[in-house]
Amino acid sequence: MTSATQNSRYTSEKVSTFSGLKCKECGAEYEAKAMHVCEFCFGPLEVAYDYEAIAAKVTRESIQAGPNSIWRYRDFLPVETDNYIDVGTGMTPLIKASRLARRLGLKNLYIKNDAVNMPTLSFKDRVVSVALSRARELGFSTVACASTGNLANSTAAIAAHAGLDCCVFIPSDLEAGKVLGTVIYAPKVFAVHGNYDQVNRLCSEVANTHGWGFVNINLRPYYSEGSKTLGYEVIEQLGWQLPDHIVAPLASGSLFTKIYKGFQEFVKVGLVEGKDVRFSGAQAEGCSPIASAFRDGRDFVTPVKPKTIAKSIAIGNPADGIYAIDIARKTNGNIESVTDAEIIEGMKLLAETEGIFTETAGGTTIAVLKKLVEAGKIDPDETTVAYITGNGLKTQEAIQGYVGEPLQIEPKLNSFERALERSHTLERLEWQPVSV
Ligand SMILES: *Cc1c(COP(=O)(O)O)cnc(C)c1O
Ligand SMILES: [Zn+2]
């Protein structure tokens with residue numbers, strides 16, 4: 001491969017700490033190739049690591065001396081050489097959200113803000129950085145994805161940076177910001193007349209016939225490992241401690257399960273002291289197959305047809321749904337859903353209290369956080385982390401008509417003064433108690 005010596009600081013010497021792929025259901029082991037389904041039981045494959053080797057090599061200090069990106073956790077990621085693609089992904093802010101906490105009645109609330117993740121402003125940059133690094137090692141020259149929007153942005157951008165050919169498949173009804181934020185990188189984009197689940201099915205066939213590296217299909221075991229960094233970073237940013245409770249959005253359920261895996265791994269290799277962490281998941285009511293299975297106490301997820309403004313998490317047939325339910329149950333967490341109106345309120349609440357403009361998925365997370373607090377399902381004293389996974393500039397149509405408008409004035413002082421007075425009057429009216 002031509003890119004092996006691209007960065008002279010790194011060698012292409014093999015220094016992998018992962019041993020291969022392993023079936024999550026029957027434990028069958030495979031070489032670390034581009035495959036994602038077990039040949040015996042059709043269970044999903046996951047990357048397996050040599051944790052003794054990692055524990056012998058990695059310390060808090062060695063991590064802190066690494067790059068200011070997800071690659072500081074390189075030994076926990078499925079790459080074979082140090083020739084990974086580092087576009088500054090990860091190490092996003094973890095902020096103490098005191099004003100939002102006060103509004104909700106919590107004492108120790110943090111926001112993990114992947115709305116400002118690099119390069120395309122969503123958590124998907126994490127999974128794609130890992131998947132394309134591995135794709136290059138496996139010799140793929142064309143990479144592809146089936147996307148609800150953010151994944152298309154990430155795959156197209158990072159493929160452009162790495163000089164890989166790129167093909168993107170999206171449902172044709174995505175938000176304008178998500179489409180523009182993909183085509184700007186000039187990949188081949190196919191807008192499929194169908195929902196995400198239909199796009200995904202089509203892509204499975206294309207992966208078989210064209211031999212491309214689909215980040216979330218045949219490269220899925222590598223891709224999904226990227227989400228573990230959302231767990232590692234929170235531990236490190238909390239001063240090498242685990243939180244008490246996390247709230248994260250669920251689409252396929254992968255992100256949720258990998259934050260859990262990330263927490264467990266850091267305990268296993270001795271980087272952090274173990275403790276119980278509760279895992280709560282958030283879905284939009286218009287696409288809530290995981291939340292309904294959780295509520296009904298079922299061990300299987302019944303697919304639904306999505307209908308919600310939270311398009312980035314609108315997966316009707318979630319691949320990791322049952323694993324997400326299992327984690328929420330065994331950690332004494334919850335999985336809740338909220339309406340589109342509550343999602344918009346959630347977006348506004350986060351913006352007004354913390355100055356963070358998130359997309360619909362983040363609005364879902366904040367609305368579920370609020371719902372869980374009101375139902376007494378989050379203790380006010382718990383150190384709680386809410387994961388904000390995407391940026392509001394990409395889903396502007398969702399809030400159009402639900403937010404304020406600028407005051408229109410002439411370029412004259414008296415026009416400004418009149419408008420200011422009017423706005424004060426309006427504010428006073430809004431605050432007046434309603435008399436009957
Ligand atoms: C893809 C996505 C998720 C969740 O993805 P999983 O399939 O559950 O891993 C959450 N938030 C945003 C903004 C996303 O784009
Ligand atoms: Zn199996």
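Helices here are DSSP runs of H or I with at least four residues, strands are DSSP runs of E with at least two, and both are numbered from the N terminus. With that in place, let me say that this is a predicted model, in which local features need pLDDT of at least 70 and side-chain atom pairs count only at pLDDT 80 or more, while totals for chains, interfaces and linings use all residues. Residues are numbered from 1 along each chain as its sequence is written, chains are lettered from A and ligands numbered from 1 in the order in which they are written, and side-chain values use heavy atoms, with hydrogens and water left out.

Ser-423 counts as buried because its relative accessibility is 14%, where buried means under 20% relative accessible area, exposed over 50% and partly exposed in between, with a 1.4 Å probe and protein chains only. Its side chain reaches the backbone oxygen of Leu-420 at 2.7 Å.

Now to the ligand. Ligand 1 is surrounded by 15 residues, the closest being Lys-124, Asn-150, Ser-252, Leu-255 and Thr-389, and a residue is taken as near if one of its heavy atoms lies within 4 Å. That shell divides into seven nonpolar, six polar and two charged residues; in this scheme Ala, Val, Leu, Ile, Met, Phe, Trp, Tyr, Cys and Pro are nonpolar, Asp, Glu, Lys and Arg are charged, and the others, Gly among them, are polar.

For polar contacts, we want a pair of N or O atoms within 3.5 Å; within protein, one must be able to donate a hydrogen and the other to accept it, and residues adjacent in sequence count only if both atoms are side-chain atoms. An oxygen atom of ligand 1 lies 3.0 Å from a backbone N or O atom of Gly-253, an oxygen atom of the ligand is 2.8 Å from a polar backbone atom of Leu-255, and a nitrogen atom of the ligand is 2.7 Å from an N or O atom in the side chain of Thr-389. Taken alone, the ligand exposes 390 Å², and the protein buries 97% of that, by the Shrake-Rupley method with a 1.4 Å probe, only the protein chains shown counting as cover for residues.

Lys-124 is found in helix H4, residues 124-137, and is buried, with a relative accessible area of 12%. Leaving aside neighbours within four places in sequence, Lys-124 is in contact, meaning heavy atoms within 4.5 Å, with Asn-150, Leu-151, Ser-154 and Tyr-223. Asn-150 sits in helix H5, residues 150-162, and is buried at 5% relative accessibility. Thr-389 lies in the loop between strand E13 and H15, and is buried too, at 7%.
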